Amino acid sequence: MGFTDIFKSGFLANVAAVSVFDMVLAMALSFLLGLYIYYIYQKTYSGIMYSSSFGVTLVAMVMITTLVILAVTSNVVLSLGMVGALSIVRFRTAIKEPLDIAFLFWSIAAGIVLAAGMIPLAVFGSVVIGAILLAFVNKTPTTHPYIVVLRCKDTESEKKAIDLLKEKTLKNIVKSKTVMRGLVEVNMEIRLKDNDTEFINDVAGIEGVESAVLVSYNGDYMG
């Protein structure tokens, strides 16, 4: 097979499978859709450490998915090879926030639908998903949960501290209790009254209470 025979093959026929206008339009729309997903991610993020690189990954995910689906839809043979190639890909990065999984699937789904030519569906679906996330994720609860860590010298001071907490808080549940010689440590989940935290000073002032720590708790809890 000579150099001329290579150009006579069907390799170069795939160049015109997707027009330049379709490529530019698809990539431009995928970029704008990715920016919208990134914006929703910024507005709904409620974790501890915000990762800007993950937001950029969402934009890239929409564009990369669009690129792959454009190639797959233009060539049946390529689609079979793409399935085999992607089947060996393994992602080892741990997802710390459960909501991040939804954003990853959203980015992939938006890229697939957009590259399939269903532009109105991709735009309408993304707007609806974004509105739902903004409505539910940013909905603040009536009372925020807090964790109180008590370190007491004996059971008597522990009882006095817990009784005071029951009096000053709306809700209190003992999560864990550790008893050692000369020390009792209790972790409690509480709900505040009118966001007043002055009671923790009174708890710390009880005789026999070595320390009283109040920590805001935003994670998942069972109750």
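Start by selecting K193, which sits in the loop between strand 3 and helix 8. The model on screen is a predicted one. With a relative accessibility of 33%, K193 counts as partly exposed. Which residues does K193 touch, once neighbours within four places in sequence are left aside? Show E167, K168, T169 and L170: these are its contacts. K193 and K171 are 22 residues apart in sequence, and their C-alpha atoms are 9.2 Å apart in space.

Next, select L165. Setting aside neighbours within four places in sequence, L165 is in contact with V148, L150, N172, M188, F199 and V203. L165 also belongs to the largest nonpolar core, which has 19 residues. Which members of this core touch the most other members? They are L150, L165, I190, F199 and V203. To see where the core draws its residues from, colour strand 1 (145–152), helix 7 (155–168), strand 3 (183–191), helix 8 (199–204) and strand 4 (209–216), the elements that each give two or more residues to it. Another core, of 16 residues, lies apart from this one; F54, L58, L104 and L114 are among its members.

Now go to helix 2, residues 20–44, and show helix 6, residues 119–137, with it. Their axes are 9 Å apart and the packing angle is about 5°, so helix 2 and helix 6 are roughly parallel to each other. For the contact itself, select L25, L29, L33, Y36, I40, K43 and T44 on helix 2. On helix 6, the partners are I119, A122, S126, V127, G130, A131, L133, L134 and V137. The residues of this contact divide into 12 nonpolar, three polar and one charged.

Keep helix 2 on screen and bring in helix 5, residues 98–115. Are helix 2 and helix 5 roughly parallel or antiparallel? Their axes come within 10 Å and cross at roughly 165°, which makes helix 2 roughly antiparallel to helix 5. The crossing of these two helices is right-handed. Select A26, L29, S30, L33, Y36, I37, I40, Y41 and T44 in helix 2, which meet L99, D100, F103, W106, S107, A110 and L114 in helix 5. The residues of the contact between helix 2 and helix 5 divide into 12 nonpolar, three polar and one charged.

Conventions: Residues numbered from 1 in each chain as written. Predicted model: local features only at pLDDT ≥ 70, side-chain atom pairs only at ≥ 80, totals over all residues. Heavy atoms only, no water. Axes fitted to C-alpha atoms, helices over the stretch in contact; angles between N-to-C directions. Helix = DSSP H or I, 4+ residues; strand = E, 2+ residues; numbered from the N terminus. Parallel < 35°, antiparallel > 145°, perpendicular 65-115°, else oblique. Contact = heavy atoms within 4.5 Å. Nonpolar A, V, L, I, M, F, W, Y, C, P; charged D, E, K, R; others polar. Left-handed = near helix turned anticlockwise from the far one by under 90°. Core = buried A, V, L, I, M, F, W, Y, C linked by side-chain atoms within 4.5 Å. Buried < 20%, exposed > 50% of the residue type's maximum accessible area, 1.4 Å probe, protein only.
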